[in-house]
Amino acid sequence: MTSAITTLTGPAVAEAVTELAPLTVADRCDQCNAQAFVRVRMPSGSELLFCGHHGREHAPVLAAQGADLRDDTSTIDA
Ligand SMILES: [Zn+2]
């Protein structure tokens, strides 16, 4: 399932990263304003929030640019 991302990011995923904060119901997708389940921190330190749909759409691209990702989409149906 994650093979595409792993291929794109390579050794970068092995870098130590600070844990990204869990998402809350107050967090909204930057693209469609739905509840956000994916937090992305760019190398510049700025953060982006995405819903499950947009997270899946953008995560591989952003990861390839060196962004850190937190994916809480597994909590959608919890
Ligand atoms: Zn969205």
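In helix α2, the buried residues include Gly-55, Ala-59, Leu-62 and Ala-63. The model is a predicted one. Helix α2 covers residues 52–64, 13 residues in total. Its first and last C-alpha atoms lie 18 Å apart, close to the 18 Å expected at 1.5 Å a residue. A kink of about 45 degrees is found at His-58, shortly before the proline Pro-60. Just after α2, Gly-66 adopts a positive phi of about 95 degrees. An α-helix has 3.6 residues a turn, so residues three or four places apart point the same way.

The chain contains two helices and three strands. Along the sequence, these elements follow the pattern α-β-β-α-β. The strands form an open sheet with the order β2-β1-β3 and antiparallel pairing. Strands β2 (47–50) and β3 (68–71) stand at the edges. Each has a single partner strand, so one side of each is left without a neighbour in the sheet. From one strand to the next, the twist averages 15 degrees.

Strand β1 spans residues 38–41 and runs antiparallel to β2, to which four bridges join it. Arg-41 has Glu-47 of β2 as its bridge partner. Val-40 stands opposite Leu-48 in β2. The two strands form a hairpin, with five residues between them. In the turn, Gly-45 has a positive phi of about 100 degrees.

Of the 78 residues of the chain, 21% count as buried. The largest nonpolar core has 13 residues. Ala-36, Val-38, Val-40, Phe-50 and Leu-69 have the most contacts inside this core. At least two core residues come from each of β1, β2 and α2. Helix α2 supplies the largest share, three residues. In soluble globular proteins, nonpolar side chains tend to be buried together.

Val-40 links several parts of this picture. Leaving aside neighbours within four places in sequence, Val-40 is in contact with Glu-47, Leu-48, Phe-50, Leu-62, Ala-67 and Leu-69. Phe-50 and Leu-69 are, with Val-40, among the residues with the most contacts inside the core. Over the chain, among contacts between residues at least 6 apart in sequence, 39% join residues at least 24 apart.

The loop between α1 (3–9) and β1 holds Asn-33. Its phi is near 70 degrees, a positive value in a residue other than glycine. Asn-33 has 9 other C-beta atoms within 10 Å and is therefore exposed, the cut-off being 12 or fewer.

Gln-35 also has its place in the loop between α1 and β1. Gln-35 has 15 C-beta neighbours inside 10 Å, so this residue counts as partly exposed. Not counting residues up to four places away in sequence, Gln-35 touches Val-25, Asp-27, Arg-28 and Cys-51. The C-alpha atoms of Gln-35 and Gly-52 are separated by 8.5 Å. Along the chain, these two residues are 17 residues apart.

Key: Residues numbered from 1 in each chain as written. Predicted model: local features only at pLDDT ≥ 70, side-chain atom pairs only at ≥ 80, totals over all residues. Pairing = 2+ DSSP bridges. Axes fitted to C-alpha atoms, helices over the stretch in contact; angles between N-to-C directions. Expected span 1.5 Å × (residues − 1). Bend = angle between axes of the 7 residues up to and from the residue. Buried ≥ 20, exposed ≤ 12 C-beta atoms within 10 Å, placed from the backbone. Contact = placed C-beta atoms within 7 Å. Core = buried A, V, L, I, M, F, W, Y, C linked by C-beta atoms within 7 Å.
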